Amino acid sequence: MSAAIAAPKLVRVYVWEWPVRITHWLIATSIILCSATGLYLGNPFLIVTGPAGAHFVMGWAKVIHFYGAIVFALSVLSRIVWMFIGNTYARWDKFLPIPKKRRAGFMPTLYFYTFRLRKPPGFVGHNPVAGATYTLVFCLLLAMIVTGVAIYSGSAAVGSVLHPFRFLIPLVGGLQTARWIHHVVMWLLLGFLVHHVYSAVLMSQVEGNGTLESIFSGYKFVPPEDLVYSGYRFVDRNDVP
Amino acid sequence: MSDLQGSWLERELESHGVSRREFLQFCAAMTSVLALPDSLAAAVAQAVERTPKPILVWLEFQDCAGNTESFLRASRPTAAEIVLDTLSVDYHETIMAAAGHQAEAALTKTVAEKSGGYIAVVEGSIPTAAGGAYCTIGGRAAIDIAREVCGKAAATIAIGTCAAFGGLPAASPNPTGALGVADAVPGLKNLINLPACPANVENLTALVVYYLAFKRLPPLDAYHRPLFAYGKAIHDNCERRAHFDAGQYVEQWGDEGHRTGYCLYKMGCKGPVTYQNCPNVRWNGGTNWPIGCGHPCIGCAEPDFWDKMTPFYRHLPGIPGFGIGTTVDQVGVGAVIAVGAAFAGHGVISMIRRRSDIERMQRGPQPAGPAAGTPPDETGGAKGGRS
């Protein structure tokens, strides 16, 4: 079907640098890994029989969860650092609809999502709505790290680097509340995952710019006017056969 | 032994028929409760027997006297009991002989004469609503008594969860505006919380011994709880921990796992989020403890336990507004399915529109009218460069 859209002149743009792609996939993998083990931690549904010393099912689930959490936390923090040293598409200001351009593009993008516009404004990186959504997602990711570290610190060995983080326990409302937040946020992230995969497919299909592929390769294929033209992007009349 | 001659403790031990050996055993036990090295036991014994008789006043506010019960213990006289009993308890409504104005006079006298030299023990929460009218003693509001008595004490021990954190009286909706001592009388120096419902008398004894031996307070955590008793999660010292790590859980009351002594995690045990030395010290003279007899921990030593640790027999509370008994997982699965369904619907509409767009484009004309507004693009021509 996409061949029917006239093959507009597209420019190959390096959008997602390798740290963005690697942290993206590490975060995604660790969320799935930690959610799978986390669901077991919250409700250990497997039936284990025989002498206790012969099994370590919960033990291994925790080990995987903790190592996944280390990867997760370091990836999220690395991505946040990269917001300040990466290219324009990775920068922190793309996550806040505060700069004038992004404020102006926010509602039209929302109109596109709600079918009031046929085409989204031509933002090459994150569009303003996606950027704002990722700000909320980053808040969830940080909430996950803070509550997770608080829960872990409570039982961390005295020599552990996480032991001093016990000061977080009262700040997150006590350990039982931290558990609850940790659990609820997991579901919010899984809900976001469904939304995120869908939106990537949608944008890739509608914009035909390789959004889905770009998180593997780093490149998007965008009409030149998206790079130079300020405004909405429509297929150039001359390019339509 | 000559050191012991004539000390108040010696006389008390003798008159109660407690041998020197028993006293030393007690000191060794206390040394281990305090997590001090064995070699210090003799030093602890010496310090305790040489110290002057400490003065103590015991205030009861919004409480059930459960901590008093814990303090009084009805078991045979032990060295621990002697140490506690021979504290000069100048004021304790439940056990003192005096009553009414005489009792209050005793308190006033101690506070006035021994200002800065006595230990105040507070049991029960302190109501602050309605000007403190919910709990008055001798016509004075609990909050006023606490301010004066705790304010002039050398140290204040808030015993039990009510005194430490507000406990049951402070549970939602907290009609009396109940607070723990730390919140009701802010800025108290030398405040020690000994939460639990009731507090374990072994920890009170150990605390008193520590105070007598070292003349200062033990190291405390962020909630003012002594680390020797509240430094580790119950879960991390639990005798059923091997079953937890193996993945063996009680699935329902009385099942094979319950009878075998499997982990109570799935029955809502709050051991992993509760800090106390119950598994080591146990209760009723070391007889047993809740998890030991097959009941999950309810987290009674933690702040706001009545609000936060409930439902006691569930791992986690539900989400407010989704009905009692609905779990976070049920709501979560529902939410994820709802998101999926919403976007599936969005996808169907998108595909239909896209198809009509393509058809229109194939016919030639502009696919859609010009959109309102012209939001500028973010890049301004930069190709992957820094903005």
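User: In which sense do strand E1 and E2 of chain B pair, and over how many bridges?
Analyst: Strand E1 (residues 55–60) of chain B pairs with E2(B) in the parallel sense, over four bridges. Strands, like helices, are DSSP runs numbered from the N terminus (E, at least two residues; helices are H or I, at least four), and two strands pair if DSSP finds at least two bridges between them. This is a predicted model, in which local features need pLDDT of at least 70, side-chain atom pairs count only at pLDDT 80 or more, and totals for chains, interfaces and linings use all residues. Residues are numbered from 1 along each chain as its sequence is written, while chains are lettered from A and ligands numbered from 1 in the order in which they are written.

User: Which residue of E2(B) is the bridge partner of B:Val57?
Analyst: The partner is B:Tyr91.

User: What is the strand order of the open sheet in chain B?
Analyst: The order of its five strands is E2-E1-E3-E7-E9, with parallel pairing. Strand E2 (88–92) and strand E9 (191–194) of chain B each have a single partner strand and stand at the edges, so one side of each lacks a neighbour in the sheet. On average, neighbouring strands are turned by 20° against each other, direction ignored.

User: Which strands does H10(B) lie across?
Analyst: H10(B) lies across strand E7 (155–159) and E9 of chain B, and runs at about 155° to E9(B). Axes are lines fitted to C-alpha atoms, for helices over the stretch in contact, and angles run from 0 to 180 degrees between N-to-C directions. Contact between two residues requires C-beta atoms, placed from the backbone, within 7 Å.

User: Changing topic: which residues touch the most other members of the largest nonpolar core?
Analyst: Of its 97 residues, these are B:Leu59, B:Ala120, B:Val122, B:Ala146 and B:Val181. Helix H10 (residues 201–214) of chain B gives the most to this core, with 10 residues. A nonpolar core is a set of buried Ala, Val, Leu, Ile, Met, Phe, Trp, Tyr and Cys residues joined through C-beta atoms within 7 Å; buried requires 20 or more other C-beta atoms within 10 Å of the residue's own.

User: And between the chains, how do H6(A) and H16(B) cross?
Analyst: The axes of helix H6 (residues 175–207) of chain A and helix H16 (residues 328–363) of chain B come within 9 Å and cross at roughly 10°. That makes H6(A) roughly parallel to H16(B), a term for angles under 35 degrees. Among the residues that meet there are A:Trp187 and A:Tyr198 in H6(A), and B:Phe343 and B:Arg354 in H16(B).

Definitions and conventions: A residue is buried if 20 or more other C-beta atoms lie within 10 Å of its own, exposed if 12 or fewer, and partly exposed in between; C-beta atoms are placed from the backbone. Angles under 35 degrees count as roughly parallel, over 145 as roughly antiparallel, 65 to 115 as roughly perpendicular and the rest as oblique.
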